[in-house]
Amino acid sequence: MAVAVAFLKRDLSQALSYRLSFLLQLGSVFFSVAIFYFLGQLFGSAVAPQLEAYGGDYFSFVLIGLAFTGFLGLSLSNFAQNIREGQVMGTLEIMLLSPTRLSVILLSSSLWAYLLTTLRVLVYLLVGVLIFGASLGKANVGAGLLVMLLGIASFSGIGILSAALVLLVKKGDPISWLIGGASSLLAGVYYPVSVLPDWLEPLSRVLPLTYCLNAMRLAILQGYSIYELRFDILALIGFTVVLTPLAFLVFRKALKRAKVEGSLIQY
Amino acid sequence: MIAIKAKGLTKRFPRTSRYRDLLPFRNREWVMAVDNISLDIEEEGVFGLLGPNGAGKTTLIKMLCCLVLPTSGTAQVCGYDVVKEEPAVKKLVGLVSAEERSFYWRLTGRENLQFYASLYHLPRKLARKRISELLHLVGLTGEADIRFQNYSTGMRQKLAIARGLLSEPRVLFVDEPTRSLDPVSAQAVRCFLKEKVAGEGKTVVLATHNLSEAEQLCNRLAIMNHGRINALGSVPELRSLFQTKEKCRMQVRRFSDAIRSQLCLIDGILDCRVTDQYDGFANLELMISKRSAVLPRVLQTMVHGGAEVCDCQLGELPLEEIFVHALHGASKEEGK
């Protein structure tokens, strides 16, 4: 716990030393929400039948997609980014010299980014509701939180796999590129999965973001209960149970290889 | 007590230049970094690893710190195996590198130390106390709350030493601590290592290519080249091992050419020159080998020839020459 707090303190101090960038990051939320609000206005009342399951409002649909995709993007990039930063700064080697376990270092170093992303999600929802009038009145917050945590856990597995690759190849990470790109295209961030052609739709089912966004929209926009979301929740648990231990195993192997090659701080 | 024991320690790095080199079961080129080193380092005092760039000093240190895995051989730090008992070794060692990058530049010196202290699981109160003590010890109390990016190179090095000592390690590895320091700061760091670290009962393993630094600080040293230890011992031991000739300076009254001719006949006198003459005194410079056999005969010849020896000084072989001898593989045996 003390280690996690130390990482949070370190990252908070660094973030606050770049105050303008910190504020601009949050401010940029306004522009992306505004763009999709006006796109929603363009569609007007011409509701696509694929959106009916989520309440029929495109703006609310895309708002949830935008807000929670941030967690995927973060999980995919943040672990790898922290490893790369440690290589470039030379801090990775010093951290690995300490008796703190690698898994603790890896998870703690991402805590701040998760907190910041949670804050961004809240800003997304606040801007969406307060300024652009999105309706989240039916939200089942408990179910939404559970889906969010399971989503983060399953995305993190992929992120740690990606970090393992960065430990070896230093720059250029095909896992993050492939999963990130495929998720944006296929997981239903900007449009429902049901608009995809029949031959492409099955591919969306191998992506955890598909289940996460579907369950999150149903929980927040339609107020579904945990029981009603059980299939999506079970899928996310399945991803987590398979990916997390696999990711740590692969990362440990990659670290061993970096120690064999003496490349811990090469970049 | 032995602090570090290495036996047949070897490290070969695979050369990775293409992505396909990452595939298993692929024949790859290997680069030898540390070649079959066996070494015992006693507890307390400063042990030097002296060698040119690329000699394998840093790789050896990283293997002993569990940051690089050996290809073969074994090494123990305070009795713990660096591969099999990594967590125990990590609790006993500290590392000070010349790498400025390993700090967070936007944090203050104190914040950096607080962060690293948490990785060593130091309770908050103890960490705060130890950080204050260490900052005082390295002379950074006044600058503790300034951002690291505003530190001078000397201050950064001092902070690196403080970080290395955070966990109160029994063995402190110091890799080229004065590499980029001005002479005054370098001297301050050397004094600190000698008096405040080694003087407090810790073992310091110092990698350097600075010969005077090694001579000033080290109780014993190993001269490394191409991953091997070419010579091992204290500076006097190495000197006696490599010193094949000595310069003897004498001030003699009533010195004559006849005495000079006789001196030149002594077996073991390689050269005899008069460097200066004034008021009946002559300053001589003799190059001799086999000092114990030659010196009594020189004095005897002087006295028999009617000369009076007023002063006699033997010059020591500079460490630079020992270094050159060792690098050229003059001897790979341990000095005794």
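This is a predicted model: local features need pLDDT of at least 70, side-chain atom pairs count only at pLDDT 80 or more; totals for chains, interfaces and linings use all residues.
Let's start with the overall make-up of chain A.

How does the radius of gyration of chain A fit with that of a compact globule? For 267 residues, such a globule would come out near 18 Å, and chain A has 19 Å, so the two agree. Along the principal axes, the C-alpha atoms of chain A fill a box of roughly 60 × 45 × 30 Å. Of the 267 residues in this chain, 43% are buried. Its contacts also reach across the sequence: taking those between residues at least 6 apart, 80% join residues that are at least 24 apart.

## Where the two chains meet

Now for the contact between the chains. On one side are 28 residues of chain B, and they are in contact with 26 residues of chain A. Looking at the chain B side, the elements that give two or more residues are β1, α1 (57–64), α2 (86–92) and α3 (109–119) of chain B. Which of them gives the most? That is α3(B), with five residues.

Sorted by class, the chain B residues that touch chain A comprise 16 nonpolar, five polar and seven charged ones.

## Strand β1 of chain B and its partners

A handy landmark here is B:Lys7, which has B:Thr74 of β4(B) opposite it. As noted above, β1 is also among the elements that give two or more residues to the side of chain B touching chain A.

Helix α1 of chain B holds B:Leu60. Is B:Leu60 buried or exposed? A residue needs 20 or more C-beta neighbours within 10 Å to be called buried, and B:Leu60 has 30 inside that distance, so it counts as buried.

Leaving aside residues up to four places away in sequence, B:Leu60 touches B:Val34, B:Ile37 and B:Leu49. By contrast, B:Leu135 sits 75 residues away along the chain, and its C-alpha atom is 29 Å from that of B:Leu60.

## Two loop residues with positive phi

Most residues other than glycine have a negative phi. B:Arg254 is not a glycine, yet its phi is positive, at about 60 degrees. It is found in the loop between β11 (246–253) and α9 (257–265) of chain B. Because B:Arg254 has 13 C-beta neighbours inside 10 Å, it counts as partly exposed.

The other is B:Asp279, also a residue other than glycine, with a positive phi near 45 degrees. Its place is in the loop between β12 (269–278) and β13 (281–288) of chain B. With 5 C-beta neighbours inside 10 Å, B:Asp279 counts as exposed.

Definitions and conventions
Residues are numbered from 1 along each chain as its sequence is written. Chains are lettered from A and ligands numbered from 1 in the order in which they are written. Two strands pair if DSSP finds at least two bridges between them. Helices (H or I, at least four residues) and strands (E, at least two) are DSSP runs, numbered from the N terminus. The radius of gyration is taken over C-alpha atoms; the globule rule is 2.2 Å times the number of residues to the power 0.38. A residue is buried if 20 or more other C-beta atoms lie within 10 Å of its own, exposed if 12 or fewer, and partly exposed in between; C-beta atoms are placed from the backbone. Two residues are in contact if their C-beta atoms, placed from the backbone, lie within 7 Å. Ala, Val, Leu, Ile, Met, Phe, Trp, Tyr, Cys and Pro count as nonpolar, Asp, Glu, Lys and Arg as charged, and the others, Gly among them, as polar.
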